[in-house]
Amino acid sequence: MVILSPDAGGSSAGIFFHKSMMGERMEQKRHLSASLGETGEIFPYSKRVFSSGIRVLYRYLSSPLVCLSLWVRAGSSDEMPEKNGLAHFFEHMVFKGTKHNPGVQLIRRVQAMGGNINAGTSLDTTDFYILVPREFWKEALELLTELVKDPLLSHKDIESEKSVVIQEIHMEEDEPEERLARLLYQQVFKNTSYGRPILGEPKTVGSLSREDILTYKEEYFQPSNIVLSVAGDLEENVLFSCAEEMFDSPYLSKIPEFTRSVTFLEPGNCKVEVGMDIERTYGAFSFLCPGFRQDMSYTIRLLSTVLGQGIASRLNMQLREKAEIVDTIYTTYSSYQAAGLFVIWVTFLEGERERVEEAVQTELLRIVSQPPDEKECKRSRNLLKGSFFQTMETVQGNADMFGRYDAIDTVDRICRFPVVLNSLRGEDLVEMTERYLSWDHAVSVWVGPERHA
Amino acid sequence: MKQFFETTVPDFLQGGLRVIYTHRLQSRLFCISMCLGMGNLYEKEGERGISALTQESLIKGTQFSTAEEVSYRTETLGATIDVSSNFFTGKVRICGPAENFRSIIELFCEIVTLPSFPHQEVNREKRYLLRLLSSLDDDPFRAAVIRFKQAFFGDSALAYPIEGRKEDLELLNEHTVRTFHHKVYSRNNCVLAVAGRFDQKEVQDLLNSGLASLPQNEAIQSFPIPQARAEIVAERRAIHDCWLIMGTPAPSMQDKDGRAAFDILNNVLGGGMYSRLFIRVREELGLSYQVGSMYVPFPGTSFLAAFAGFSPLNLGKVVEVFNREFKNIAEVERDEFEEVKNYISGTMLQVIEKTDSFASLLAFCEHTGLGWDFFASYREIIKNIRVSEALEWWDHYSTMQKAMGVIAPVHFSHPLLE
């Protein structure tokens, strides 16, 4: 599974840089709460950091299910160019068998418990999760641990899996929306590690060796680089002691240094067009933005909602409902460790790109000339909060959100989100638009019918 | 699962409208969901697409609010609205923060009972659906599903996309939409479910008053589903890979024992990563990234189909593996069978965990005659069914000819595609 835009929908977490964990106190336990506007409700959780360096987060939720989500701060942007696709390939390989559960036995055991197991690779992280009925959580924890600690990685399986991943790459190329996203990232993050495809290229995937995979595992799959996030109804002390026991290995090698410094060149206005055997045109206008670790990411998220989330958003009202020049239009803000990406996505069947482009540009300018009033801000704030509640309703939503935040930054940000949201006003959105959504730096990508390309 | 049904209460509103309340005291959410009889099986010849157009237009204005105001009101409540139709049901669902439950109900009732269907809005949604219809094939997997349904259902109602048929849609207008709305939005054609944190008495009063104008019409009959066919429908596109969907007839949704048998055997065949197709096609042969099977029960002729995307050179091999694995189900092992039962139970819990999906499930089960507590009893049926009983059902259906839908690259030739 590939996660290009972990926060599609503009409502959940992004991906960002994490502080050094070495300074944190061991056995740290905290309870945080934050006012969620009118609801006044809280999101308590517990966290401990063990001697191996692993961080364990637990959030109580009354549910017959438990979700265990393991986040590793290593993704496709950590690869060397000639090894592009390695992080995603490793994510596939762990499901090919482990020391105590060869072949697909581990998957069989999870499904036999009534559970689900899966994984995802993004630019900055790789995550693995098991969702099971509550009574099986201990066994699930053992299996999740084994998955990342003891994969077999046999030569035969590696060769067989290469053709599966290459087929996945072809599938992505045949699907217009996937192809559009891939082209967009390549263009905006050109010449940086973020611009390389998460799946890799057939050539780089084809050349991966067992040694490459082992080296990658050794370097990144260290307890100090892992967050275990658990949500459900279980005894937290039992969870913490089990987790400590399972990740009790000392540091095996150097701890990866995450002071990544990637220089992104703000792109000049440019356009990329590709033709496919399709009927509809799929387009995207994108802008380079700050990554998650900056507080202004909250403002950009709100701006995204004003502009392109919901039927009453400005872009949808003007371009779809009134001018009827697009079939769909929405925005996303995807935030990563070193940068963020604001994207306006459109589709239309019969229409002129130039007209759509002009209308989008007009709406961006209108944020400045007619800043969102309190009514418009309230709609967007409430929509974001409603979406946040829905994410936080399930054990998987909680485990994922807490795990992702803690893997790269701090969980505090989850609690701060609704608080900061309440303080944002129209003028903050104007400032963000002027700083980051300048048309001079817009990258447009179009995937359309072959005849138009 | 028990805990979710213990807090569920079935009731009737004034005038006999069925409503199911399900309480979640710890939830931050409130959800109201209506399931009604509409979709392909309720559309006459010449009206293919009327359900989709009615649903698309439903939130485009009421007698008190413009389309823009409806959207603004919904989103300012922090709520999301989901209005859709499928082959034999339609859905209207609003979900938002629990503290806004009164405003959510008020909005819901206004949308359902007093839509204005303005000429301009209905025409815009019609043009949107027409454009959508023209581009359904852009996604190769979806294109293969459409071909499979044509191969399986012939030219009957279920062979059409839920968006309808171009020549029919072009003739529809706000008047036909209003007439259809009046017909299907009636007390005896819909069921409500209310889920989350709320005061039941207050909700009941609000619904009684807000839905008072909902008419009581004559019962609406859906058109029957024809017998399955076993054709091959293939099409070529300029793509890298081939997509194949191959399926057989299967028990209907009302046939509880047969349905349980097929739910289990479908998961043995291609549900999840520990399934026979996944292991053979992906893990052992490395032929495909996306492979599995689906059992789609309808109120009548239904199907179970295997699917995969793969290099066209492997088409023959994949067809061979599919055929072999369909046949090999007859040798399912007891352990495998029992494990899959657990997997299905776990999957049910995941559906029920979410307030909005549970509300929709309750309304759907009650509306389709399965009963609001169907999932609780169905779990027991799944638990108790034996391998031999399931295989009797399998034998009955799986020996029938298989239908196939294929999307293949332009210059690829294979006897199957001729």
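The model is predicted, so local features need pLDDT of at least 70 and side-chain atom pairs count only at pLDDT 80 or more, while totals for chains, interfaces and linings use all residues. Residues are numbered from 1 along each chain as its sequence is written, chains are lettered from A and ligands numbered from 1 in the order in which they are written, and side-chain values use heavy atoms, with hydrogens and water left out. Over all chains, the whole structure holds 53 salt bridges, a salt bridge being a side-chain nitrogen of Lys or Arg within 4 Å of a carboxyl oxygen of Asp or Glu.

**Salt bridges between chains**

- B:Arg282 and A:Glu161 form a salt bridge, with their closest N and O atoms 3.6 Å apart.
- Helices are DSSP runs of H or I with at least four residues, strands are runs of E with at least two, and both are numbered from the N terminus.
- B:Arg282 is buried, at a relative accessible area of 10%, and A:Glu161 is buried at 0%. Buried means under 20% relative accessible area, exposed means over 50%, and partly exposed lies in between (1.4 Å probe, protein chains only).
- A second salt bridge joins the side chains of A:Asp277 and B:Arg237, at 3.6 Å from N to O.
- That pair also crosses between chains: A:Asp277 lies in the loop between strand E7 (270-276) and strand E8 (281-289) of chain A, and B:Arg237 lies in strand E7 (residues 232-237) of chain B.
- A:Asp277 counts as partly exposed because its relative accessibility is 29%, whereas B:Arg237 counts as buried because its value is 7%.

**Other salt bridges**

- In chain B, B:Asp205 forms a salt bridge with B:Lys201, and the closest N and O atoms are 2.9 Å apart.
- B:Asp205 and B:Lys201 are 4 residues apart in helix H9 (residues 200-210) of chain B, so about one helical turn separates them.
- B:Asp205 is partly exposed, with a relative accessible area of 39%, while B:Lys201 is exposed, with 52%.
- A network of salt bridges links A:Arg320, A:Glu321, B:Lys60, B:Glu121, B:Arg124 and B:Glu125.

**Negative surface patch**

- A:Glu142, A:Glu244, A:Glu245 and A:Asp248 gather on the surface in a patch of negative charge. Patches are made of residues with over 30% relative accessible area and no salt bridge, with like charges joined within 9 Å and nonpolar side chains (Val, Leu, Ile, Met, Phe, Trp, Tyr) within 5 Å.
- A:Glu142 sits in helix H3 (residues 137-149) of chain A.
- The relative accessibility of A:Glu142 is 44%, so this residue counts as partly exposed.

**Strands of chain A**

- In strand E10 (residues 340-348) of chain A, 9 of its 9 residues are buried.
- Both faces of E10(A) are covered, with A:Gly340, A:Phe342, A:Ile344, A:Val346 and A:Phe348 buried on one side and A:Leu341, A:Val343, A:Trp345 and A:Thr347 buried on the other.
- In a regular strand the side chains alternate between the two faces of the sheet.
- E8(A) and E10(A) run antiparallel and are joined by 9 bridges; two strands pair if DSSP finds at least two bridges between them. A:Cys289 stands opposite A:Gly340 in E10(A).
- Strand E9 (residues 328-335) of chain A also pairs with E10(A) in the antiparallel sense, over 8 bridges. The bridge partner of A:Thr332 in E10(A) is A:Val343.
- E9(A) and E10(A) make a hairpin with 4 residues between them.
- Strand E4 (residues 116-121) of chain A is largely enclosed by the rest of the structure, because 5 of its 6 residues are buried.
- E4(A) pairs with strand E5 (residues 126-133) of chain A over 6 bridges in the antiparallel sense, and a hairpin joins E4(A) to E5(A) through 4 residues. A:Thr121 has A:Thr126 as its bridge partner in E5(A).

**Strands of chain B**

- Strand E9 (residues 291-298) of chain B is mostly covered, with 6 of its 8 residues buried.
- E9(B) and strand E10 (residues 300-310) of chain B run antiparallel and are joined by 7 bridges. They form a hairpin with 1 residue between them.
- B:Met294 stands opposite B:Ala305 in E10(B).

Key
Accessible areas come from the Shrake-Rupley method with a 1.4 Å probe; for residues, only the protein chains shown count as cover. Lys and Arg count as positive and Asp and Glu as negative; His and the chain ends are not counted. The place of a charge is taken as NZ of Lys, CZ of Arg, CG of Asp or CD of Glu.
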